[in-house]
Amino acid sequence: MSRERVLVAMSGGVDSSVAAALLVEQGYDVVGATMKLFCHGEDVPDRPCCSLDSVNDARRVCEQLGIPHYVLNLESRFGHDVVDNFVEEYARGRTPIPCVRCNTFTKFRDFLKKANAIDAQWIATGHYARVVDGELRRGLDENKDQTYFLWGIDCEVLSRMMLPVGGLDKAQTRARAHAMGLEVIAEKPESQEICFVPDGDYTRILEQRLPADAPALSRGPIINSSGAIVGEHNGFARYTIGQRRGVPGGFAHPMYVIAIRPEQRAVVIGTRDELLGSGIIAREVNWLTDAPSIGDQVSVRIRHRAPLARAEIVRLNGQEIELALDEPVSAITPGQSAVFYDGERVLGGGFIEASRSLRSALPVLAA
Amino acid sequence: MPIDPIYLDHAATTPVREEVFEAMKPFFGPRFGNPSSTHRWGREARAALDEARERVGRCLGARADEICFTSGGTEADNLAILGAWRALKAKGRTAVVTTPIEHKAILGAVHQAAHEGAEERFLGMTPDGVIDPASFDELVDEKVAVCSMMWVNNEIGSIQAVPELSAKAKGRGAMVHTDAVQAFGKVTIDAQTQQFDFLTISGHKFGAPKGIGALFIRRGTHIEPLMHGGTQDRGRRPGTENVAAAVGLARAAELTLAEGEAHCARIRKLRDKLEAGILAKIPDAVIHGRGAARAPHIVNISVPGTDSESLLMALDLRGIAASGGSACQSGSIDPSHVLTALGVRPDLASAAIRMSLGVLTTDQSIDRVIEIFPALVAKARQLAVAE
């Protein structure tokens with residue numbers, strides 16, 4: 001009886017390295033692969049996923065584990081599905097979340113194809129999340145939970161996915177790395193930024209890819225919620241909802257970006273209260289379980305690491321959903337994800353289209 | 001791991017031959033001297049180096065002083081292109097001609113020459129990877145400093161008519177370089193009767209270790225050195241010589257030529273069997289360069305509806321080592337610039353698998369590949385349909 005084969009996505013970081021090592025320990029026939037998603041002109045040290053150093057680290061870990069390692073070139077797909085979309089979203093005055101698109105379109109779909117090609121029954125990653133009974137659940141380490149980025153994956157992927165570090169916390173993962181002699185990567189720093197934005201300055205990517213006179217990067221008014229011009233900005237794509245930096249001072253209360261109106265090139269600012277929303281409209285909804293019904297209660301997260309909020313589903317048609325929040329939530333940002341939970345279970349998610357300042361009532365159902 | 005792995009990547013590199021290893025050993029031991037030293041250790045090393053130079057020269061129909069040892073093919077290619085261009089640019093010869101299917105070592109060096117002011121000219125190719133004579137006539141004119149063409153293409157094996165084209169180019173006053181890294185031992189090379197000015201060989205492609213190659217530089221040809229330092233190799237290539245590797249190169253070159261015809265006949269037969277076996281099971285497989293005169297050791301095949309990245313992984317996991325397009329430094333595979341330049345459809349270019357035969361190839365290994373490759377292809381195509 002031959003051992004079951006697992007294709008592990010290895011970024012060269014500690015999480016995916018430990019994931020691979022654990023699977024080797026458990027007796028699987030493990031094959032490592034690093035996805036090359038983009039190419040920096042110059043090498044940027046310690047970048048996750050893609051720089052030469054990361055590929056080399058993954059290769060060294062595989063060498064140490066005695067498993068084969070391959071590099072998968074997904075540059076053109078990543079460029080199309082993720083980077084192009086990232087630029088378009090900012091140009092539309094939204095704040096995109098490229099990791100979700102990468103997981104949804106690039107990583108898991110393509111990775112599963114590669115797994116099929118080499119007769120691997122399973123795929124594995126180093127995400128902090130768990131698959132239990134074919135359902136996606138939050139990682140045991142609440143601080144590290146990455147389900148916020150995973151809601152978009154195809155449902156079928158779940159039945160073939162293993163997440164070996166989802167039951168550990170970060171400290172345990174590092175400890176396992178040391179215990180297994182993976183000193184190469186055991187203390188590698190965390191990656192927090194977007195992988196293809198090496199220095200954290202996403203506007204540089206926009207400047208490279210948008211025309212010089214793109215509205216998103218051109219001057220426009222800063223207005224308050226009643227429409228009065230209170231200042232000027234040099235491109236709405238440089239702003240995101242909830243931001244304070246770059247917002248004019250001199251008001252009675254601290255002011256925040258509360259909306260972006262690309263059609264007027266306007267950045268709207270307001271008080272902390274004006275930043276609150278009571279409802280969420282999300283699109284491109286994907287369910288990882290049976291779809292819930294109107295009237296169901298869910299927990300929703302509207303950005304990475306934001307607390308969970310209670311909400312009720314008030315509208316559900318096709319791939320669009322509207323939720324009414326029990327308590328108002330700050331900085332609901334179009335382009336970010338809304339991820340729906342029932343306890344630890346991930347039900348699904350969608351991309352935030354808009355927020356509502358007033359709580360919508362449930363539609364009156366026809367008798 | 002599979003019981004009996006099959007190495008079909010001889011165009012990438014070959015194992016060091018036992019006889020070569022033996023020949024090199026004394027120079028890692030008692031005969032460790034520096035050939036530039038005047039004492040007995042130095043003299044011993046110098047004698048070995050001189051002899052190696054002479055022997056490599058003989059293998060190419062060249063004299064000892066026409067052989068410049070380098071670190072390998074890339075250095076030799078760079079030395080030829082840039083050395084010739086830099087020496088000639090002051091004389092009004094401002095163009096560098098090459099083919100679009102060269103190794104990156106040539107393309108990179110030509111690009112550098114262009115950066116230094118040269119005019120890059122790329123020869124037109126037939127779809128099978130042969131230089132179009134009309135394009136050659138048009139582009140190789142009195143403005144050309146150096147014309148470089150790969151004798152045997154490393155990806156598809158197509159052979160250029162280097163002797164004839166060299167004569168033509170010489171008639172127009174251009175310097176001629178040929179990258180013979182894949183050609184050595186596969187075609188007849190004779191510097192006495194053929195008119196190229198520079199010729200590159202690389203040891204690890206025929207049983208010598210990695211890190212040694214040679215550039216033939218015709219006597220009386222002036223080139224600018226790439227590196228500056230001591231007077232080794234007449235100042236063309238400063239740095240203490242790699243005596244052991246030079247001795248290994250000489251031994252490997254001699255063995256390769258001695259066995260040349262028999263070896264070529266053997267692998268040609270296996271190559272033909274491999275191609276026929278695959279085509280019998282995959283009738284729509286495309287073998288690149290098949291219409292051209294080809295070296296016997298390279299098969300480059302694209303199966304519609306597959307991709308080389310997946311197929312190479314699957315082959316490797318079944319113990320079969322082949323290669324795809326140009327592997328980049330990270331190890332990821334980009335579509336081959338060679339196939340792209342020959343007008344191969346992008347989907348076919350990204351499906352290309354190169355299998356290259358050599359000393360390790362046996363009849364049984366070819367039988368196994370004829371079994372396994374079509375089975376993996378069938379599976380890949382099924383998956384492609386399902387997806």
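Me: Where is Glu284(A) placed?
Reply: Glu284(A) belongs to strand 12 (residues 276-287) of chain A; strands here are DSSP runs of E with at least two residues, helices are runs of H or I with at least four, and both are numbered from the N terminus. The model is predicted: local features need pLDDT of at least 70, side-chain atom pairs count only at pLDDT 80 or more, and totals for chains, interfaces and linings use all residues. Residues are numbered from 1 along each chain as its sequence is written, while chains are lettered from A and ligands numbered from 1 in the order in which they are written.

Me: What is the phi of Glu284(A)?
Reply: Its phi is near 50 degrees, a positive value in a residue other than glycine.

Me: Is Glu284(A) buried or exposed, or in between?
Reply: Glu284(A) is partly exposed, because 16 other C-beta atoms lie within 10 Å. A residue with 20 or more such atoms within 10 Å is buried, one with 12 or fewer is exposed, and partly exposed lies in between, with C-beta atoms placed from the backbone.

Me: And Asp133(A), where does that lie?
Reply: Asp133(A) is in the loop between strand 5 (129-132) and strand 6 (135-138) of chain A. Asp133(A) has a positive phi of about 50 degrees although it is not a glycine. It counts as exposed, because it has 7 C-beta neighbours inside 10 Å.

Me: Changing topic: how many residues does each chain give to the contact between A and B?
Reply: Chain A gives 14 residues and chain B gives 15, where contact requires C-beta atoms, placed from the backbone, within 7 Å.

Me: Which elements of chain A supply at least two residues each?
Reply: They are strand 2 (29-36), helix 2 (52-65), strand 3 (69-73) and helix 4 (98-117). By class, the side of chain A that touches chain B has 9 nonpolar, 2 polar and 3 charged residues. Nonpolar covers Ala, Val, Leu, Ile, Met, Phe, Trp, Tyr, Cys and Pro; charged covers Asp, Glu, Lys and Arg; the others, Gly among them, are polar.

Me: On to helix 11 of chain B: what is its reach?
Reply: Helix 11 of chain B has 24 residues and reaches 35 Å from first to last C-alpha, close to the 34 Å expected at 1.5 Å a residue; the expected span is 1.5 Å times one less than the number of residues.

Me: Which of its residues are buried?
Reply: They are Ser365(B), Ile366(B), Val369(B), Phe373(B), Leu376(B), Val377(B) and Ala380(B). Their cover includes helix 4 of chain A, together with strand 1 (6-7), helix 7, helix 8 (308-317) and strand 11 (320-321) of chain B.

Me: What about Arg368(B), buried or exposed, or in between?
Reply: Arg368(B), also in helix 11 of chain B, counts as partly exposed because it has 16 C-beta neighbours inside 10 Å.

Me: At what angle do helix 7 and helix 11 of chain B pack?
Reply: Helix 7 (residues 243-281) and helix 11 (residues 363-386) of chain B pack at about 20 degrees, with axes 9 Å apart. Axes are lines fitted to C-alpha atoms, for helices over the stretch in contact, and angles run from 0 to 180 degrees between N-to-C directions. Helix 7 and helix 11 of chain B are therefore roughly parallel; that term applies under 35 degrees, with roughly antiparallel over 145, roughly perpendicular from 65 to 115 and oblique for the rest.

Me: Which residues meet there?
Reply: Among them, Leu270(B), Leu274(B) and Ile278(B) are on the helix 7 side, and Ile366(B), Ile370(B) and Phe373(B) are on the helix 11 side. The residues of this contact divide into 8 nonpolar, 1 polar and 3 charged.

How values were computed. Contact = placed C-beta atoms within 7 Å.
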